[in-house]
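These are my notebook entries on a structure that I had not examined before. I set down what I looked up, entry by entry.

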Amino acid sequence: MNNGSVILLLVSFGFIALMYVVLYVLVRWGNKRERVRQQQQRQITDPVVLVRVLASVRLQASWFMKMLLWVLLIMLALILYATIQLRISGVPLDTGDWVSAGLLIVFTPGAVWGLWVCRVSYREILPEKLVRVTNRGRKLTLHYWQIDSSYFTLLGDENGLFELTDTAGVVHRFKPHVEPCRYVGSQVAFRLDYGYWADPNNSEDAQVLVRFMQDKYWVQRLLEVPVVSGLAHGGYGKEYCPAGGPEFGPEFRSRQSASGDFTWAKNFVLT
């Protein structure tokens, strides 16, 4: 093993240690920020304002994934630098150096593309709609009243699965254990119990949505009714409650027993 390889190995271990330090600091910062956010929520009395605070979330690639990609890109740059130094010094390349060159060719394009996707693509949950921006910058909007069917389960996948299908047949997926989809779930639960999509600007509807989110009642309702269709309407509010159609309302319950313990389920989903 030549000097360049030793230096590269030491630098790699240093970056791994730095990554864990940064991870620890970011976790501590995130926990402190969450405590401040919860304290601010308790001071809000207007349900309409509180709904907007609880609902508005932007889902991007995790900061941990972005940090890993940056570490990978920096390590590849160091490998490239060490290889160039060897060529300048006239040291013949051995098998390890050719392996490093292969790693550069294989992983560099993927790391650059991953960072690009993490930068431009995201999904945003708003009180009135879902917004998704693709990695090409295309903006897609879904109003909740365009949701036609819902599927919810916490089994079969380590992070659970929450699928929404709109009137155009497009499927929108959430992972309840790692993605904050409480507002989307509360809107579906509200639709099941009241027969129309909640208007977040209406005080009565907003108060119910707040209760669904804070008490995680939406988890219980979607476990009671895991599969449902015929949800689409023409808008929000009681004026869009259909006279006929599926038997929605408080009496609409699953045929299965709903007397189970939902403690685990409510702790499983992300707050």
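Entry 1: I began with Arg52 and Glu128, whose side chains meet in a salt bridge, 2.4 Å from N to O. I counted as a salt bridge a side-chain nitrogen of Lys or Arg within 4 Å of a carboxyl oxygen of Asp or Glu. Arg52 belongs to helix 2 (residues 47-55) and Glu128 to the loop between strand 2 (122-125) and strand 3 (129-133), so this pair ties together parts 76 residues apart in sequence. Arg52 is partly exposed, at a relative accessible area of 32%, and Glu128 is also partly exposed, at 21%. Here buried means under 20% relative accessible area, exposed over 50%, and partly exposed in between (1.4 Å probe, protein chains only).

Entry 2: I note that the model is predicted, with local features needing pLDDT of at least 70 and side-chain atom pairs counting only at pLDDT 80 or more, while totals for chains, interfaces and linings use all residues. Residues are numbered from 1 along each chain as its sequence is written, and side-chain values use heavy atoms, with hydrogens and water left out. Helices (H or I, at least four residues) and strands (E, at least two) are DSSP runs, numbered from the N terminus.

**Entry 3: further salt bridges.** By the rule above, I found a count of five salt bridges. One of them joins Arg123 to Glu179, with the closest N and O atoms 3.3 Å apart. This pair links distant parts of the chain, 56 residues apart: Arg123 is in strand 2, and Glu179 is in the loop between strand 7 and helix 5. Are Arg123 and Glu179 buried or exposed? I found both of them buried.

I then turned to Arg221 and Glu224, which form a salt bridge with closest N and O atoms 2.6 Å apart. Both lie in helix 7, three residues apart, about one turn of the helix. Arg221 and Glu224 are both buried. Salt bridges with shared partners join Asp193, Arg221 and Glu224 into one network.

**Entry 4: helix 7 and its cover.** Helix 7 (residues 217-224) is mostly covered, seven of its eight residues being buried. What covers these buried residues? The cover includes strand 5 (147-153), strand 6 (161-166), helix 5 (182-194), helix 6 (203-214) and helix 8 (263-268).

I next compared helix 5 with helix 7: their axes (lines fitted to C-alpha atoms over the stretch in contact, with angles from 0 to 180 degrees between N-to-C directions) come within 9 Å and cross at roughly 60 degrees. Contact means heavy atoms within 4.5 Å. Among the contacting residues, Arg182, Gly185 and Asp193 are in helix 5, and Tyr217, Trp218 and Arg221 are in helix 7.

Entry 5: I traced an open sheet of four strands in the order 7-6-5-8, with antiparallel pairing. Two strands pair if DSSP finds at least two bridges between them. Strand 7 (171-174) and strand 8 (227-229) are the edge strands, each pairing on one side only. Neighbouring strands of this sheet are turned by 10 degrees against each other on average, direction ignored. Strand 6 and strand 7 run antiparallel and are joined by four bridges. Glu163 has Arg173 in strand 7 as its bridge partner. Helix 5 packs on the sheet, touching strand 5, strand 6, strand 7 and strand 8, and its direction makes about 65 degrees with that of strand 6.
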